[in-house]
Amino acid sequence: MAASEPLLSYSSVRAYLECPLRWKFLYVDGLKEAPRGYFSFGRTVHNALEELLRPLVRPAAEPEVALAQTTLDGWAPRSIGREPDGGLMPLDDLLALYRRSWISDGYANPEEEERYRVLGSEILRSYYQTLELSPPHPVAIERHLEATWNGLRVHGYVDRIDRTAHGGLEIVDYKTSRELSQDDARESDQLGIYQVLVERNFTEPVEALTLYHLRFLRPLTVPPRPAKEIGALYERVGTARDGIRSQAFEPTPGRQCSRCDFRAICPEFRDVPDEERQPLADLVDRFARLREEEQRVDGELRATAEELHAAAQRLGVHRIPGSQGFVRRKPEESWQYPPEGVRALLEETGLSERADPIDPTSVRRLQRDPTVPPEVRQRLAAVGHRQVRWYWEIDPQKPTGD
Ligand code: SF4
């Protein structure tokens, strides 16, 4: 049965690419991670900002509105002729709302929680002042968007979408983290996926992407991602989608393991039960001994074959009798071709579609193909480099006295 097309968000793609097994624990098995104070803090501040800015929202034209129109007269996008529902609520109301809706899950101790609580108040106070001086023009707040992106199903919650001075759209994502740089905005896969979602759900063009660093009141704004980068992002999302569809859920240990909640059930870290330890220890010791033996035998085998090769070379023979049978010397041929030389030759002779210059097997096949003009085959042979490796086969037939 074909696996259904997964609906992917930025965070689920990132989780899969970081460790497919952790992704399975989260999204297939439905296991929960322990709450973290910094997530609770980010959520509380986001919620307060959502309440603060929602009255400013003036919705933009979206495809379904535009598509539903029959004539220009009938076109009345929600953004035209409609005033915002109101202004900013008073600062005291915002701070009261912030305190009321505080999420206290996951903090290490009351002191840490209090530090975050104070930090949140300071952030909201300072940000409120910048909003008063220069209010944004949001067309959507905390908006869930979903799209099919050349076959991939993606979705996400966008913190804010603003109308720009030129009538386009700016995607804004708030960050409460400590450090953030312009490069973070330039390389953010999260903003890239939001761009794809907004482009497919709104008629106006995306003109800017912003990570808003709330601790420093600093908007890190970059232009929309160019088609080439969106193409590379598509590949990354596609890799996650393909892995999920084929149920490839192997653990990928790395630095992320130190903050993974599933170490106790992950095969990379799980301990062998006490009652199994001794029999398994015996098996491990036996395996190690055999591996050592294998390496010793392998070395001896190679040295013996070399001695036989030297004798065969000296005597000009390919067949050497033993007391139980023969050994026969056989050649194994391989060809190497310089990719640049082959590429030029294939282009010149119009055969570029017939072989891949970096795949010697396909070039060799072309070199032997009777439908290819003989002079081309000869030129391929001339640029190629033939290598021969000799090996021995055992023929158990007894020597017959020759
Ligand atoms: S402990 Fe590491 S390898 Fe195991 S599931 Fe977690 S992230 Fe993956």
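**Aromatic contacts and ligand surroundings**

The structure holds 14 aromatic pairs, a pair being two rings of Phe, Tyr or Trp (its six-membered ring) with centres within 6.5 Å. This is a predicted model, in which local features need pLDDT of at least 70, side-chain atom pairs count only at pLDDT 80 or more, and totals for chains, interfaces and linings use all residues. Residues are numbered from 1 along each chain as its sequence is written, and side-chain values use heavy atoms, with hydrogens and water left out.

**Ring pairs**
- Phe41 and Tyr116 pair at 4.9 Å centre to centre with 50° between the planes, a tilted arrangement (planes under 30 degrees apart are stacked, over 60 edge-to-face, the rest tilted).
- This pair links distant parts of the chain, 75 residues apart: Phe41 belongs to helix 3 (residues 37–53) and Tyr116 to helix 6 (residues 110–133), helices being DSSP runs of H or I with at least four residues, numbered from the N terminus.
- Phe41 and Tyr116 are buried, that is, under 20% relative accessible area (1.4 Å probe, protein chains only).
- The Trp335 and Tyr337 pair is stacked because its planes lie at 15°, with centres 5.9 Å apart; both residues are buried.
- Phe41, Tyr98, Trp102, Tyr107 and Tyr116 are linked by ring pairs into a cluster.

**Charges over rings**
- The charged end of Arg263 sits over the ring of Phe269, 4.2 Å from its centre (CZ of Arg or NZ of Lys within 6 Å of the ring centre and within 35 degrees of the ring normal).
- Arg328 lies over the face of Phe326, 5.8 Å from the ring centre.

**Ligand**
- Residues around the ligand (a heavy atom within 4 Å) include Arg22, Cys257, Arg263 and Phe269.

Terms used. Helices (H or I, at least four residues) and strands (E, at least two) are DSSP runs, numbered from the N terminus. Buried means under 20% relative accessible area, exposed over 50%, partly exposed in between (1.4 Å probe, protein chains only).
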